[in-house]
Amino acid sequence: MLHRGHESTDGADGGELVVPMAWLYAEYIADELLRTGDLMPPTSFEFRAGRDALALTVFLSDTDGELSGIRVISQLENWLSLTAYDQPWQDWVRERLAELTERAAGSGTPGPDLALAADAWRWLEETELLAPDLDAVPGGGAVSGEDDGPKVWTPAWRLGLPLGHLAIHLF
């Protein structure tokens with residue numbers, strides 16, 4: 001992605017290549033947490049939902065913009081609390097994305113990291129996955145196996161968030 005408006009150090013005219021390192025690093029951390037938890041195949045939509053939800057959590061919780069490998073372990077508790085069942089995670093994501101978008105617009109230097117995070121959030125909100133109905137009434141009928149239970153279409157983030165939370169917990 002070419003980023004216009006910044007001159008290169010050699011004085012040549014044109015844009016410079018800006019690599020979305022913060023987003024790529026957040027995605028890498030999320031991917032490793034999910035693979036370590038071995039909760040679902042890495043090629044599944046459920047895995048993608050979990051990875052994107054975790055990557056958003058990692059990326060948006062990095063308020064200093066200095067996520068480093070050493071700090072990952074110290075952030076696990078924070079990520080666990082953000083992804084917990086009783087937390088309004090989706091509201092937090094919307095607020096942080098709006099805040100970062102406003103900050104980027106004010107500085108005049110929108111980065112590719114924020115664009116990738118916004119794309120991930122859009123996918124999580126707009127994509128629906130068929131998942132077990134976790135709100136089904138217990139004892140409502142005879143269910144012989146996991147695949148035989150009631151299923152509902154749910155936004156990908158509603159499935160990815162608990163998977164991500166569990167992956168952090170298992171790590």
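# Helix packing in a predicted model

User: In this predicted model, how are H4 and H5 oriented to each other, roughly parallel or roughly antiparallel?
Analyst: The axes of H4 (residues 89–107) and H5 (residues 112–126) come within 11 Å and cross at roughly 150°. Angles over 145 degrees count as roughly antiparallel. H4 and H5 are therefore roughly antiparallel.

User: Which residues make the contact of H4 with H5, and how many of them are charged?
Analyst: On H4 the contact is made by Trp89, Gln90, Val93, Arg94, Leu97, Leu100, Thr101 and Ala104. H5 contributes Leu114, Ala117, Ala118, Trp121, Leu124 and Glu125. Sorted by class, the contact of H4 with H5 holds 10 nonpolar and two polar residues, and the number of charged residues is two.

User: Is the crossing of H4 and H5 left-handed or right-handed, and which hand has the crossing of H1 and H2?
Analyst: Each pair has its own hand. H4 passes H5 in a left-handed crossing. The crossing of H1 and H2 is right-handed.

User: What is the angle class of H1 against H2?
Analyst: The axes of H1 and H2 (residues 45–61) come within 8 Å, crossing at roughly 130°. That angle makes H1 oblique to H2. The class asked for is oblique.

User: Which residues of H1 and H2 meet, and how many in that contact are nonpolar?
Analyst: From H1 come Ala22, Trp23, Ala26, Glu27, Ile29, Ala30, Asp31, Leu33, Leu34 and Arg35. They meet Phe47, Gly50, Arg51, Asp52, Leu54, Ala55, Leu56, Val58 and Phe59 of H2. By class, the contact of H1 with H2 has five charged residues and one polar residue, and its nonpolar residues number 13.

User: How far apart are the end C-alpha atoms of H1?
Analyst: H1 runs over residues 21–37 and has 17 residues. At 1.5 Å a residue, H1 should span 24 Å. The separation of its end C-alpha atoms agrees with that, at 24 Å.

User: Is alanine 30 buried or exposed, and which residues does it touch?
Analyst: Alanine 30 lies in H1. Its relative accessibility is 0%, so alanine 30 counts as buried. The C-alpha atoms of alanine 30 and aspartate 52, 22 residues apart along the chain, are separated by 7.6 Å. Not counting residues up to four places away in sequence, alanine 30 touches Arg51, Leu54 and Ala55.

User: What is the phi of aspartate 38?
Analyst: Aspartate 38 lies in the loop between H1 and H2. Aspartate 38 is exposed, with a relative accessible area of 65%. Its phi is positive, in a residue other than glycine, and near 50°.

User: How is H2 placed against H6, roughly parallel or roughly perpendicular?
Analyst: The axes of H2 and H6 come within 7 Å and cross at roughly 75°. Angles of 65 to 115 degrees count as roughly perpendicular. H2 is therefore placed against H6 as roughly perpendicular.

User: Which residues make the contact of H2 with H6, and how many of them are polar?
Analyst: The H2 side consists of Glu46, Ala49, Gly50, Ala53 and Leu54. The H6 side consists of Ala156, Leu159, Gly160, Leu161, Leu163, Gly164, Ala167 and Ile168. By class, the contact of H2 with H6 has nine nonpolar residues and one charged residue, and its polar residues number three.

User: Which residues of H6 are buried?
Analyst: H6 (residues 156–170) has 15 residues and reaches 21 Å from its first C-alpha to its last, close to the 21 Å expected. Buried means under 20% relative accessible area. The residues of H6 that are buried are Ala156, Trp157, Leu159, Gly160, Leu161, Leu163, Gly164, Ala167 and Ile168.

User: Which residues is leucine 60 in contact with?
Analyst: Leucine 60 has its place in H2, and at 0% relative accessibility leucine 60 counts as buried. The C-alpha atoms of leucine 60 and alanine 117, 57 residues apart along the chain, are 8.6 Å apart. Leaving aside neighbours within four places in sequence, leucine 60 is in contact with Trp92, Val93, Arg96, Leu97 and Leu100.

User: In what order do the elements of the chain run from the N terminus?
Analyst: The chain has 171 residues, of which 39% count as buried. Its secondary structure comes to six helices and four strands. From the N terminus on, the order is β-β-α-α-α-α-α-β-β-α.

Key:
Residues numbered from 1 in each chain as written. Predicted model: local features only at pLDDT ≥ 70, side-chain atom pairs only at ≥ 80, totals over all residues. Heavy atoms only, no water. Axes fitted to C-alpha atoms, helices over the stretch in contact; angles between N-to-C directions. Helix = DSSP H or I, 4+ residues; strand = E, 2+ residues; numbered from the N terminus. Parallel < 35°, antiparallel > 145°, perpendicular 65-115°, else oblique. Left-handed = near helix turned anticlockwise from the far one by under 90°. Contact = heavy atoms within 4.5 Å. Nonpolar A, V, L, I, M, F, W, Y, C, P; charged D, E, K, R; others polar. Expected span 1.5 Å × (residues − 1). Buried < 20%, exposed > 50% of the residue type's maximum accessible area, 1.4 Å probe, protein only.
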